[in-house]
Amino acid sequence: MIVVYHLNNGRSQRILWLLEELGVPYEVKRFERMPDYTAPPSLLKVHPLGKSPIIEDIGESVVVLAESSAIITYLIQKYGGKQTLSAEGALDDLYYTHYAESTLMPLVVIWQRLSRFANRAPWYLQPIFRYVLGAYREMYVDPELPRNIDMIEKHLSENSWFARGSDGPTAADYAMIIGLEGLRAGRAIVLEKHQAIVRYIDKVHARSAYQSGLGKGGAFAYAKQVEAV
């Protein structure tokens, strides 16, 4: 039995999708974000960092594991679902699995948090905060994000999934989806000319496994329940 410690509107939603694709029984323990959008202190009882996702794999011994990419790799290696890929496909899978958390997600999260920080400042300081944070975004986020989106768009316009030649999702897809969902939810205008990304997100959301995981995870700001295929 797998137990998933699931934080609303968080990266653990993709773990539920993966478990549904694998057909592995699991239990969801839900946690709600604090008013400042951070994880609740109760998650510290599960893992020293108090973050989500966290899984427990309960068997002869209990494995407690955090970090999305580590969880994705662990579950696929232990419970199957690993496809036979070409050398190019395997390299894609490796690259995008790690790219998702090391490059894409920091850009998405920084952009989202910069917007929130300005609104949390006292009203009389908000113009200053918006100016400073806006300058930071223009220097460090805005130049990088279009290059990343263009790279992803090109790859998905040429391939059905992130691993070239795969006939279904691999580790890279489970890792990448939340960043793309965040982009569409927070910066929809950025994806107007990137229809391969939009089609990819819609394709993932239409999968029965994704929809089943969405039902078990509860309300999710980046996706809605649709008729699965």
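First, a term. A patch here is made of residues with over 30% relative accessible area and no salt bridge, and nonpolar side chains are joined within 5 Å. Keep in mind that this is a predicted model.

Now the patch itself. M1, I58, V62 and V64 form a nonpolar patch on the surface. Together they have about 340 Å² of accessible area. M1 sits in the segment before β1. Why can M1 belong to a patch? Its relative accessible area is 49%, so M1 counts as partly exposed, and the cut-off for a patch is over 30%.

Next, the sheet. What is the strand order? It is β2-β1-β3-β4, an open sheet of four strands with mixed pairing. β2, residues 26–31, and β4 are the edge strands, each pairing on one side only. On average, neighbouring strands are turned by 20° against each other, direction ignored.

Let me stay with β3, residues 54–58. Four of its five residues are buried. On one side, β3 pairs with β1, residues 2–7, in the antiparallel sense, over four bridges. With β4, residues 62–66, β3 is joined by five bridges, again antiparallel. β3 and β4 make a hairpin, with three residues between them.

V3 stands opposite E56. V64 in β4 stands opposite E56 too. V64 is also one of the patch residues. Elsewhere in this pairing, I54 has A66 of β4 as its bridge partner.

On to helix α8, residues 208–217. α8 lies across β1 and β2, running at about 50° to β2. Which of its residues are buried? They are A209, Y210, Q211, G213, L214 and G217. After α8 comes G218, with a positive phi near 90°.

Now the salt bridges. The structure holds ten.

Pair one is R207 with E21, 2.7 Å from N to O. R207 lies in the loop between α7 and α8, and E21 lies in helix α1, residues 13–22, so the pair ties together parts that are 186 residues apart in sequence. Both partners are partly exposed: R207 at 23% relative accessibility, E21 at 26%.

Pair two is D57 with K78, at 2.8 Å, N to O. D57 belongs to strand β3 and K78 to helix α2, residues 68–79, so this bridge ties together parts 21 residues apart in sequence. Are these two buried or exposed? D57 is buried, with a relative accessible area of 3%. K78 is partly exposed, at 47%.

R164 is in the loop between α5 and α6, and D92 is in helix α3, residues 87–120, so the pair ties together parts that are 72 residues apart in sequence. R164 is partly exposed at 31%, whereas D92 is buried at 7%.

Last, the network. R11, R14 and E101 are linked by salt bridges.

To recap. The sheet runs β2-β1-β3-β4, α8 lies across β1 and β2, and D57 in β3 is bridged to K78 in α2. On the surface, M1, I58, V62 and V64 make up the nonpolar patch. That is my tour.

Terms used: Residues are numbered from 1 along each chain as its sequence is written. This is a predicted model: local features need pLDDT of at least 70, side-chain atom pairs count only at pLDDT 80 or more; totals for chains, interfaces and linings use all residues. Side-chain values use heavy atoms; hydrogens and water are left out. Buried means under 20% relative accessible area, exposed over 50%, partly exposed in between (1.4 Å probe, protein chains only). Helices (H or I, at least four residues) and strands (E, at least two) are DSSP runs, numbered from the N terminus. Two strands pair if DSSP finds at least two bridges between them. Patches are made of residues with over 30% relative accessible area and no salt bridge: like charges are joined within 9 Å, nonpolar side chains (Val, Leu, Ile, Met, Phe, Trp, Tyr) within 5 Å. Accessible areas come from the Shrake-Rupley method with a 1.4 Å probe; for residues, only the protein chains shown count as cover. A salt bridge is a side-chain nitrogen of Lys or Arg within 4 Å of a carboxyl oxygen of Asp or Glu. Axes are lines fitted to C-alpha atoms, for helices over the stretch in contact, and angles run from 0 to 180 degrees between N-to-C directions. Contact means heavy atoms within 4.5 Å.
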